[in-house]
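Here is a short briefing to read with the structure open beside you. Take it one topic at a time and find each residue as you go.

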Amino acid sequence: MEFMSLKSPAILVARAIFPEVLERLSLHFEVESNQEDHIFTPQELAQKASGKSGLMTTSSEPVGAALFAANPQLKAVCNMAVGYNNIDVAAATAAGVAVTNTPDVLNQTTADFGWALLMATARRVTEAEHWLRAGHWQQWRYDSFLGADVHGATLGIIGMGRIGQAIARRSTGFDMQVLYHNRSRLSPEQEAQANGARYAGKEELLRQADHIILVLPYSAQSHHTIGAAELALMKPGATLVNLARGGIVDDAALIDALRQGRIAAAGLDVYENEPAFNPAFLGLSNVVLTPHIASASRPTRLAMANCAADNLIAALTPGQRPPNLLNPDVLKP
């Protein structure tokens, strides 16, 4: 790949991405890429950022005050993710560094996957497949792998942003009632479009919902939104799906609840301390486990990478404003 002259801004692409996106970036920048996909330590990332004007990161790279102090030339950090809890935005603003994310482009794909997890969890799909693959299927039985109905059930959504609303719209075909809990209520028009979703307090939602999906952003305030007390409020036959971020669920409390049968099942795409998730999950049959792939369709991941590239190009082009700027104060004189 041919890069531009050394007069072009230098950037670091911290994780492997699509070659066509690297090619596009090379038209604007001197690019150092990590196609080997080595996970940088904070010290390695700070060293790699030396001399760079911009970073393209993912949720796996923590970016904070120490990196900014070591690299005062840095002007932009563009995250290839909707979430940005890996970046200290306040420290970035203080250092004059623009921070961006990639909203909207993954809403529909993530909502699709939320339904995939919900269905697999409620109907015990992976549990039944493992049993079949192990050679246990000898005959049909009336009580084999009895799961929970989805049609006609009550769906609870905690976090009613764009993805939560997309999940709610999909429930129309299942004739579900939808409860939601969010920091702010939707407008009446938005509620109507989201299958007539009704706002509920958190405890009311936990007590009434048959299936609960978590799609709220991670923050210090949302840490362990679902813990032992919340799990105790849920119906014994209820299921819980986490599409959001690790840390929103107290995984140890969830493992205990699943082990004791306090709820029926869980479907998880994210975990505390991922990818080093709690190994006790592997000993449970009533949990569906996937490796943070809710947005993992090729068109969507490519759109995410191009969105991050759009942000980086705009951030490092004089006179342009990144389309997904999270800290507009950096643009003030």
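C78 stands opposite T100 in strand 5. Strands here are DSSP runs of E with at least two residues, helices are DSSP runs of H or I with at least four residues, and both are numbered from the N terminus. This is a predicted model, in which local features need pLDDT of at least 70, side-chain atom pairs count only at pLDDT 80 or more, and totals for chains, interfaces and linings use all residues. Residues are numbered from 1 along each chain as its sequence is written, and side-chain values use heavy atoms, with hydrogens and water left out.

- Five strands build an open sheet with parallel pairing, in the order 2-1-3-4-5; two strands count as paired if DSSP finds at least two bridges between them.
- The edges are taken by strand 2 and strand 5 (98–100), each with a single partner strand, so one side of each has no neighbour in the sheet.
- On average, neighbouring strands of this sheet are turned by 15 degrees against each other, direction ignored; axes are lines fitted to C-alpha atoms, for helices over the stretch in contact, and angles run from 0 to 180 degrees between N-to-C directions.
- Strand 4 (residues 76–79) and strand 5 run parallel and are joined by three bridges.

**Strand 1 and its partners**

- Strand 1 (residues 10–13) is covered on both faces: A10 and L12 on one side, and I11 and V13 on the other, are all buried (buried means under 20% relative accessible area, exposed over 50%, and partly exposed in between, with a 1.4 Å probe and protein chains only).
- Strand 2 (residues 30–33) runs parallel to strand 1, with four bridges joining them, and S33 in strand 2 is the bridge partner of V13.
- Strand 3 (residues 54–57) also runs parallel to strand 1, through three bridges; here I11 has G54 as its bridge partner.
- Together, strand 1, helix 1 (residues 19–26) and strand 2 make a right-handed β-α-β unit, meaning that, with the strands pointing away from the viewer, the path from the first strand over the helix to the second runs clockwise.

**Helix 1 and helix 12**

- Helix 1 and helix 12 (residues 298–315) pack at an angle of about 15 degrees, and their axes are 10 Å apart.
- The two helices are therefore roughly parallel to each other (angles under 35 degrees count as roughly parallel, over 145 as roughly antiparallel, 65 to 115 as roughly perpendicular and the rest as oblique).
- Residues in this contact include V21 and L25 of helix 1 and L302 and A305 of helix 12; contact means heavy atoms within 4.5 Å.

**Helix 5 and helix 7**

- The packing angle between helix 5 (residues 107–122) and helix 7 (residues 162–170) is about 55 degrees, with their axes 9 Å apart.
- Because of this angle, helix 5 is oblique to helix 7.
- Among the residues making the contact are A111 and W115 of helix 5 and I163 and I167 of helix 7.

**A closer look at I255**

- Where is I255 placed? I255 lies in helix 11 (residues 251–260).
- I255 is buried, with a relative accessible area of 3%.
- Leaving aside neighbours within four places in sequence, I255 is in contact with N278, A280, F281 and L284.
- Between I255 and L231 there are 24 residues in sequence and 11 Å in space, C-alpha to C-alpha.
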